[in-house]
Every structure is written in structure tokens, then in C-alpha cells.
Amino acid sequence: MESNVIPDSIRPQRLQPGIGFGSGPTGTLRSSLRPGVTVPIAPLLPSPASLAASSGPPPPPPPLQLHSLYGGVGAGLGPGAAGHCNPGNPAVLKEAVEAVVRSFAKHTQGYGRVNVVEALQEFWQMKLTRGADLRNGALVVYEMVPSNSPPYVCYVSLPGGSCFGSFQFCPTKAEARRSAAKIALMNSVFNEHPSRRITDDFIEKSVSEALASFNGNREEADNPNTGIGAFRFMLESNKGKSMLEFQELMTVFQLLHWNGSLKAMRERQCSRQEVLAHYSHRALDDDMRTQMAADWVNREQSVASTIAQELASTERELEDARLAGRELRFYKEKKDILMLAVGQLNAANTATLPSH
């Protein structure tokens, strides 16, 4: 990523959120806590890969893996599942998904074939009627990847924002839709298990394991300006939420880290606690995506093929995660932001073409 960053000496100064022109050299908190930046990527939180906590399958708490909180199936089934839910073991993944779907059908509709697309929608509609906080309603949204021939690929976005995709070879569009619905239904059902809630015990266990990974001390965990302290602050701020809800929040921070925004905020002297508190209540929206896309346009204008290289890498990650049955929103959002950047770049190039 370092090679993709635009040096300050050649980067045009933009009155863009995150640059921090304002009341002083560091700007204001409001102007600093924005994602539009073009700077190197450095972690504000602890290194996500090294905060992987492991535990057994339910009823004990599931593993908290900040590098793959979007790991839906792997996180929900315990450490052994991570080895099964990969492209090398598609049969085991398929068997696990089918087992959950059959169990759901037995307990809700009796024995017999279940329409997973309808069942998934009914599941979230039931959650809404029972008081779930779904700000955008209970609608489940499907997105087919354009293709004139198999295999067909379908993504499904749940009301909270989590995304899953068809994980099998699908010869028809209908089968791709069913495949995506199956994996989404499986994760939705697992998410209701009490072990999928962030509790005091879960927080203590996760922080202790993070301290062990870093050879840290207890004082670090109590200081919100340290990496592990920020990790604890984020967990405590989301106490009572489910793993899927926490994944949705983590996606925002993963994207801010990927885009280099967390590094920029630290350079604006924003504390970790301020950044976490601000973005814990900030939904991922078109404004944030547009700002990030603009940064990739600037990188491309400085170093040709930057977007193409990042897009190719992102598409490989998305494909691997989809076939593994993992939660996909982080990869999907990265791809969408990069495609938005391509559109911005094309529009800018068209606008500068000489008229005849």
C-alpha cells in the first residue's frame, strides 16, 4: 500500500474532510474525523491479525477475530470450522449449511422442503416485529453478478448490512439466489444463540487473550489510548450486541484503516477513544464511500494502475471469502468503492477531453 500513496510534495491540497484546514495546525475534531485522506495506512487499533481469540463452539463464547469478524460461519462454528469453511472443503460447508436449514425448517414449518429465500425474509420480519432495532426495515436485498453463463453468483445483504454470497457452483440464477439465502439464513440463526452476545465475561476473555498475544499488561487494557485499551473500549461500547451487529460496526473501521483514514486522524491528534466514539455511531453511507473513492482517484492520478492493482487484489479476496462461506461486506464495500473511483476517474477524463 505504501507505494500507492501520493507524496505530500505532489498531492494537490484539497479542502476535503480529513485534511483539517481550520482553527489550527491540527484542525478541529469534526473536520479531522472524516475518511477523505490520502496518506499511508497504519493501524489505530491493534494489528487485527494478532487479536484473534480462539475458543470452542457453543455454548462457550465464539472466537473474536478482528481480522475476520466477517468470518460468519468460521466464527460461529468454532476453531475447527475455520478449516472446513474454505474452498478446499466445499462438501463439508454445504453439509453444515444444509443441516442448519433443515433444523430451521423442522422447528418453524415442520418437516419438508423449505423455501430458503422466503424463510430468510420471514426470519428478519419476525425480528422486526419482536422489537429488533432495524433502522432500514427488515428487507433482505439480493444482487446478481451480471453474467450470461454459469456459474452464476448472487450476493444477499441483510437488514443490518451484513453480506453473504452463493458459495456453490450454481448453474442457474435461481440456484445462486438460494445458495446465498442458505448461508445468510445459517448465520442469522447462529447469531441468535446466547453465546453470540458480547457480555462482560466475553469482554474479559477477549481482552485477556489479546494481552497474551501482545505480551501486554493489565494497565494497557485500562488505558483507552493504547491499542488494547481501544479494543476493550469498543467491546464495552457494544455490550449486549450480537456478533453480526459487531461485525457491521467493525466493517467501518476496517474500511477506514484500509483507506488510510485512521492514520490521518491520529496525525490530527485525535485520540483513539474520540475516533472510536465518533465512528461507533456513524453508519457507512454514500458520503463516506464517495470520499474514499476520491482518495483512490488521487492515488491513480499520481501512480498509474493503482486502482487496477487494488481492484484485482480485492476481487480475489472477495472470491475466496465467498467460496468459504464468510461474511463479505468488507470485501464487497472495497470493491464498490474502487468501482466508484473508476467511474469518477472516467468522468474526469471525459470532462477534460478536447471538444471538436
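# Notebook: helix packing and buried residues

I began with the contacts of the protein. Among those with a separation of 6 or more, residues 24 or more positions apart account for 64%. I note here that the model is predicted. Next I looked up the overall make-up. The protein has 15 helices and three strands. I then checked burial: 49% of its 356 residues count as buried.

**Entry: H5 and H6**

I turned to helix packing. Two packed helices are described by the angle between their axes and the distance between the axes. I looked up both values for helix H5 (residues 116-129) and helix H6 (residues 173-191). Their axes are 8 Å apart, and the angle is about 35°. The crossing of H5 and H6 is left-handed. I listed the residues that make this contact. H5 brings Val116, Val117, Ala119, Leu120, Phe123 and Trp124. H6 brings Arg177, Arg178, Ala181, Lys182, Ala184, Leu185, Ser188 and Val189. By class, I have 10 nonpolar, one polar and three charged residues in the contact of H5 with H6.

**Entry: Ser179**

Is Ser179 buried or exposed? Ser179 counts as buried because its relative accessibility is 0%, and the cut-off for buried is under 20%. I then asked what Ser179 is in contact with, leaving aside neighbours within four places in sequence. The list is Ser166, Phe167, Gln168 and Cys170.

**Entry: H10 and H13**

I moved on to helix H10 (residues 243-259) and helix H13 (residues 286-302). Their axes come within 11 Å and cross at roughly 20°. That makes H10 roughly parallel to H13, because angles under 35 degrees count as such. H10 passes H13 in a left-handed crossing. On the H10 side I noted Val252, Leu255, Leu256, Trp258 and Asn259 in the contact. On the H13 side I noted Met288, Met292, Asp295, Trp296 and Arg299. Sorting the residues of H10 and H13 in this contact by class gives seven nonpolar, one polar and two charged.

**Entry: H12**

Which residues of helix H12 (residues 272-279) are buried? I found Arg272, Val275, Leu276 and Tyr279. I looked down the axis of H12. The buried residues fall within an arc of 95°, so they line one face of the helix. I kept the general rule beside this: an α-helix has 3.6 residues a turn, so residues three or four places apart point the same way. I also looked up what covers the buried residues of H12. The cover includes helix H9 (227-237), H10, helix H11 (261-267) and H13.

I finished on helix H14 (residues 306-323), where Thr314 lies. Thr314 is buried, with a relative accessible area of 0%. I looked for its contacts, not counting residues up to four places away in sequence. Thr314 touches Tyr331, Lys334, Lys335 and Leu338. I took one of these pairs further. Thr314 and Lys335 are 21 residues apart along the chain, and their C-alpha atoms are separated by 6.3 Å.

Arg322 also lies in H14. I checked its accessibility. Arg322 has a relative accessible area of 4%, so it is buried. Which residues does Arg322 touch, not counting those up to four places away in sequence? I found Val153, Tyr155, Gly165, Ser166, Phe167 and Leu328. Two of these names, Ser166 and Phe167, are also on my list for Ser179.

Key:
Residues are numbered from 1 along each chain as its sequence is written. This is a predicted model: local features need pLDDT of at least 70, side-chain atom pairs count only at pLDDT 80 or more; totals for chains, interfaces and linings use all residues. Side-chain values use heavy atoms; hydrogens and water are left out. Axes are lines fitted to C-alpha atoms, for helices over the stretch in contact, and angles run from 0 to 180 degrees between N-to-C directions. Helices (H or I, at least four residues) and strands (E, at least two) are DSSP runs, numbered from the N terminus. Angles under 35 degrees count as roughly parallel, over 145 as roughly antiparallel, 65 to 115 as roughly perpendicular and the rest as oblique. A crossing is left-handed if the near helix is turned anticlockwise from the far one by less than a right angle, and right-handed if clockwise. Contact means heavy atoms within 4.5 Å. Ala, Val, Leu, Ile, Met, Phe, Trp, Tyr, Cys and Pro count as nonpolar, Asp, Glu, Lys and Arg as charged, and the others, Gly among them, as polar. Buried means under 20% relative accessible area, exposed over 50%, partly exposed in between (1.4 Å probe, protein chains only). The arc is that of the directions from the helix axis to the C-beta atoms.
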